[in-house]
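This report concerns a predicted model. It turns to one helix and then to the salt bridges.

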Amino acid sequence: LDIFESILRWIKSQLSGFIYAPSPCNIRDMMQEALLSVQTDAEEKGITIKTDIPGTIQVAAEREMLQFVHRSLLNSAVQFSLSGRQLSLNAFEDNEAVKVRVKAENTASTELLLPLFVYRGRDYKPGDAELTLIICKDFMDKMGGQISANPEGDGLVFEYVLPSFH
């Protein structure tokens with residue numbers, strides 16, 4: 001419901017002449033807030049969550065769009081993770097950008113997950129998880145960022161990059 005509520009806010013903002021005006025967004029605070037949306041599912045699967053995000057890291061973004069991305073990536077990471085594993089969240093500054101990573105260790109088959117952010121054409125009917133991640137990519141494009149999902153070891157890393165806010 002949180003995801004669809006965010007989509008509804010996004011649609012309303014588009015209809016009212018949305019103009020992208022980035023503001024400072026503290027990654028650690030926002031990620032802590034977004035973690036609440038997956039806490040129950042993570043606990044049910046016995047997934048532990050390790051966070052290493054400095055409190056000083058801020059990106060230039062639209063808060064609601066970025067929070068939609070955070071909730072979506074966390075939800076996907078929990079869904080793709082095998083029971084009893086760990087999610088690792090970290091962020092760091094690299095030049096004028098911030099890189100945020102959500103790593104799910106020991107996931108289901110990563111080969112199936114690689115084209116998650118790819119629009120596959122007019123006749124393709126994506127599932128809910130894919131549709132959500134396609135929307136995340138659109139949001140990242142609007143905010144001047146990039147997003148990806150890549151295998152790493154026996155896990156999967158969701159990663160995005162946005163301009164740093166100084």
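## Helix H4

Of the 18 residues of H4, 14 are buried, so the helix is largely enclosed by the rest of the structure. Helix H4 comprises residues 63-80, and at 1.5 Å a residue it should span 26 Å; the C-alpha atoms at its ends are 26 Å apart, which agrees. At the start of H4, the backbone nitrogen of Glu64 has a side-chain oxygen of Glu62 within 3.1 Å.

The structure holds five salt bridges. One of them joins the side chains of Arg63 and Glu33, at 2.9 Å from N to O. This pair links distant parts of the chain, with Arg63 in helix H4 and Glu33 in helix H2 (residues 27-35), 30 residues apart. Arg63 counts as partly exposed at 33% relative accessibility, and Glu33 is partly exposed with a relative accessible area of 39%.

## Strands E5 and E6

Lys103 and Glu152 form a salt bridge whose closest N and O atoms are 3.4 Å apart. Lys103 lies in strand E5 (residues 97-104) and Glu152 in strand E6 (residues 146-152), so the pair ties together parts that are 49 residues apart in sequence. Glu152 counts as partly exposed, at 30% relative accessibility.

A network of salt bridges links Arg101, Lys103, Glu152 and Glu159.

## Within helix H5

Asp141 and Lys137 are both in helix H5 (residues 128-142), four residues apart, about one turn of the helix. An α-helix has 3.6 residues a turn, so residues three or four places apart point the same way. The side chains of Asp141 and Lys137 meet in a salt bridge of 3.2 Å, N to O. Asp141 is partly exposed at a relative accessible area of 43%, and Lys137 is partly exposed at 29%.

How values were computed:
Residues numbered from 1 in each chain as written. Predicted model: local features only at pLDDT ≥ 70, side-chain atom pairs only at ≥ 80, totals over all residues. Heavy atoms only, no water. Helix = DSSP H or I, 4+ residues; strand = E, 2+ residues; numbered from the N terminus. Expected span 1.5 Å × (residues − 1). Buried < 20%, exposed > 50% of the residue type's maximum accessible area, 1.4 Å probe, protein only. Polar contact = N/O pair within 3.5 Å; in protein donor to acceptor, adjacent residues only side chain to side chain. Salt bridge = Lys/Arg side-chain N within 4 Å of Asp/Glu carboxyl O.
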